[in-house]
Protein chains: 2
Amino acid sequence: MDLKTSPLAIPFPAMPQIDGVTLRVARAGYRDWGRCDLTYAELAEGTAVAGVFTQNVCSSSEVELGREQVKAGLARALIVNAGNSNAFTGFRGREAVEQIMAQVSGHLACPADQVFVSSTGVIGVPLPMDKARDGVDAAIASQPCGWEEAAQAIGTTDTFPKGAMAQAVVGGKTVTLCGIIKGSGMIAPDMATMLGYIFTDAAVTPGFLQECLSAANLKTYSCITVDSDTSTSDTVLAFATGKAGNTPLTGSASAGADAFCAALEDVCRQLAHLVVRDGEGAQKFIAVNVSGAVSDDSARRIGLAVANSPLVKTAIAGEDANWGRIVMAVGKAGEPADRDTLSIGFGGIWAAKNGLPLADYDEAPVTAHLKSRDIAIEVDIGLGDGRATVWTCDLTHGYISINADYRS
Amino acid sequence: MDLKTSPLAIPFPAMPQIDGVTLRVARAGYRDWGRCDLTYAELAEGTAVAGVFTQNVCSSSEVELGREQVKAGLARALIVNAGNSNAFTGFRGREAVEQIMAQVSGHLACPADQVFVSSTGVIGVPLPMDKARDGVDAAIASQPCGWEEAAQAIGTTDTFPKGAMAQAVVGGKTVTLCGIIKGSGMIAPDMATMLGYIFTDAAVTPGFLQECLSAANLKTYSCITVDSDTSTSDTVLAFATGKAGNTPLTGSASAGADAFCAALEDVCRQLAHLVVRDGEGAQKFIAVNVSGAVSDDSARRIGLAVANSPLVKTAIAGEDANWGRIVMAVGKAGEPADRDTLSIGFGGIWAAKNGLPLADYDEAPVTAHLKSRDIAIEVDIGLGDGRATVWTCDLTHGYISINADYRS
């Protein structure tokens with residue numbers, strides 16, 4: 001099927017090179033499509049790595065191996081296969097990943113466990129080892145490419161390439177962070193999202209990089225949902241080449257650590273938003289702002305219950321200020337809430353306060369807000385100080401068409 | 001909007017009168033529709049009652065009061081309002097319920113807390129007290145009616161009236177159970193479903209009736225889902241008039257207790273299935289059969305994760321044997337599962353066993369099965385003896401049309 005570009009798409013930003021990172025793409029032909037579908041990032045010696053991965057217990061060999069590899073903290077290469085997730089393929093799937101690791105580590109003369117592999121696409125078909133081998137050879141032999149080409153090559157049902165950047169000043173040195181991501185459906189990250197990669201020239205120890213990434217993840221990837229379905233392959237990796245020459249960041253007390261963490265969270269949030277903006281069938285980008293919960297984590301869970309509710313998502317698709325459905329979703333979240341302290345609003349305008357519809361509620365400005373592309377839902381629980389924002393998209397005929405009308 | 005009758009509808013069955021139960025309906029006019037929308041069931045003195053209610057913490061006054069009322073164990077009347085759920089309406093909603101309780105208890109000269117009230121429909125609009133008063137008066141003055149009329153009158157977006165019956169022999173006496181139910185969207189019961197009522201002439205103590213109903217609920221209403229959205233009004237009540245003349249059932253050791261419980265579970269299962277068959281936009285009725293889980297409860301949770309997955313539901317709508325999506329849903333359920341012992345099948349034919357696609361998998365008979373109206377998905381976890389069946393429907397353009405294309 002031919003997918004139209006999402007109406008919520010954002011043009012690919014200008015993103016500089018990161019010293020110590022060389023990108024290449026090739027056509028492995030994992031599917032019958034005339035495009036590059038294998039991405040190879042070569043990383044400078046000594047590059048620190050951190051990662052967050054899916055909690056889905058049926059995760060792929062790539063995820064199983066990656067979880068182990070990040071513990072050692074060093075990376076020399078990343079290979080991303082698009083079109084085949086290699087998930088639920090047993091020992092044959094694992095052999096394919098190990099072949100790629102051996103092939104690239106042979107080329108770079110590095111330990112095999114410094115080669116990270118991700119795969120995305122159909123579940124249940126072992127990654128074809130011949131196509132992978134020829135694809136890696138072709139990538140190694142090819143000219144380096146830019147961020148947008150790499151972002152295109154890691155995509156599957158994505159309708160636009162997704163990238164984001166940020167900079168921070170760390171101990172007098174400017175460090176740069178560039179990220180690319182893919183994802184559109186099967187998006188309900190549980191400590192990670194589809195496939196996302198952030199590269200920085202900052203010098204950061206693996207331990208602190210992991211600390212920053214895990215913290216950023218909690219407020220970004222773990223706060224988005226398209227369809228409540230958690231992928232078997234979700235992976236986000238952060239690579240720090242250290243080429244910026246800053247005094248290495250070793251912990252939150254290091255000079256510039258706050259600025260680096262904020263920049264990392266900024267890139268992660270931008271990337272997470274792009275995935276929602278490419279949500280299957282999405283016509284509207286929705287921010288669910290929850291306040292007054294008993295904790296931030298409780299607020300996030302309530303926000304996800306609202307953002308995952310088919311009845312809320314279809315109401316927004318229909319531009320219908322149906323706040324009763326939001327009450328329902330808050331009530332089913334399984335978190336502390338009290339009907340009589342609950343308030344609901346849209347775009348900054350309250351429709352109900354403290355458990356009652358507002359007597360002077362004027363629906364006209366709310367209706368005008370709901371006609372826009374970017375929608376805000378406000379939920380105040382009225383019990384505490386916990387707050388969170390969760391992002392999602394509406395549920396439309398487009399989602400059904402993509403997932404039911406066409407055979408996968 | 002004018003809803004077409006679900007293609008999965010079943011004709012209303014022949015159901016006998018229950019001695020001690022008199023049904024009446026009236027037009028309260030809660031919405032601008034030319035149909036009866038208030039149902040009144042008068043119950044013989046001494047009728048035992050049991051109930052299960054929504055776990056949604058934003059539940060209605062009807063549900064709050066009902067939870068308390070069943071503790072006393074006696075019922076003389078049931079009033080069901082359709083078109084307005086009276087949920088999220090604060091003290092004004094509660095006043096409306098208390099007015100109805102006072103009005104009916106005055107008529108029957110019984111305690112007010114023996115009058116049960118349910119309401120279903122739009123959230124956030126207090127039930128109009130004048131319409132309720134006039135409607136109750138009209139119902140009291142009207143001729144008794146049959147089950148099908150009552151089943152019609154309790155419905156809202158339902159496309160067909162839903163009833164079921166069963167009989168059991170208890171201590172030499174035949175007892176009869178008749179039930180009616182309504183529900184189509186916002187269906188993910190958590191210990192209860194939308195609005196369901198079961199009436200029997202059996203003599204049963206309130207305590208044992210509650211025990212039987214709670215047990216039946218766990219295997220029936222708590223095993224269905226249409227859209228994962230849990231209503232604020234879910235209520236199932238069972239009323240036992242005792243007019244069959246059997247020696248009262250007081251516990252599981254009573255003669256005939258097993259037969260009565262089995263008949264009650266049978267009626268509950270039939271009613272639960274009818275709600276799924278009227279699921280918004282449903283084209284296919286899906287049974288998810290989970291075996292090999294570590295416990296029955298774990299199996300039920302895994303079944304619900306599969307049945308709530310938009311990607312699984314759209315795959316079935318598309319008649320696509322996409323078992324990879326089922327693997328994903330099992331993996332995200334948060335229950336013990338192991339990719340390498342997991343098996344997936346459709347209609348009794350395995351597609352994958354022990355974590356691998358079957359080498360000799362023949363998709364042709366599976367494709368033929370998926371073209372039918374009644375679909376079976378088999379999931380074997382391969383870890384234990386826990387099993388459960390969960391029922392749902394597919395996710396189609398019809399669901400989006402009902403919930404997004406039309407304003408509520």
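Start with the sheet in chain B: seven strands, open, mixed pairing, in the order β8-β15-β10-β14-β11-β12-β13. Strands here are DSSP E runs of at least two residues, helices are H or I runs of at least four, both numbered from the N terminus. Two strands pair if DSSP finds at least two bridges between them. β8 (224-225) and β13 (356-357) of chain B are the edges; each has a single partner strand, so one side of each has no neighbour in the sheet.

A word on the source. This is a predicted model: local features need pLDDT of at least 70, side-chain atom pairs pLDDT 80 or more, while totals for chains, interfaces and linings use all residues. Residues count from 1 along each chain as its sequence is written, and chains are lettered from A and ligands numbered from 1 in the order written.

β8(B) runs parallel to β15 (residues 386-393) of chain B, joined by two bridges. Thr225(B) sits opposite Thr392(B).

Now the helices. α6(B) lies across β8, β10 (285-293) and β15 of chain B, at about 40 degrees to β15(B). Axes are lines fitted to C-alpha atoms, for helices over the stretch in contact; angles run from 0 to 180 degrees between N-to-C directions. Contact means C-beta atoms, placed from the backbone, within 7 Å.

α5 (residues 206-219) of chain B packs on α6 (residues 257-277) of chain B at about 45 degrees, axes 9 Å apart. Residues of α5(B) that meet α6(B) include Cys212(B) and Leu213(B).

Last, the interface. 49 residues of chain A contact 50 of chain B. α9(A) gives the largest share of chain A's side, seven residues.

Technical notes. Contact = placed C-beta atoms within 7 Å.
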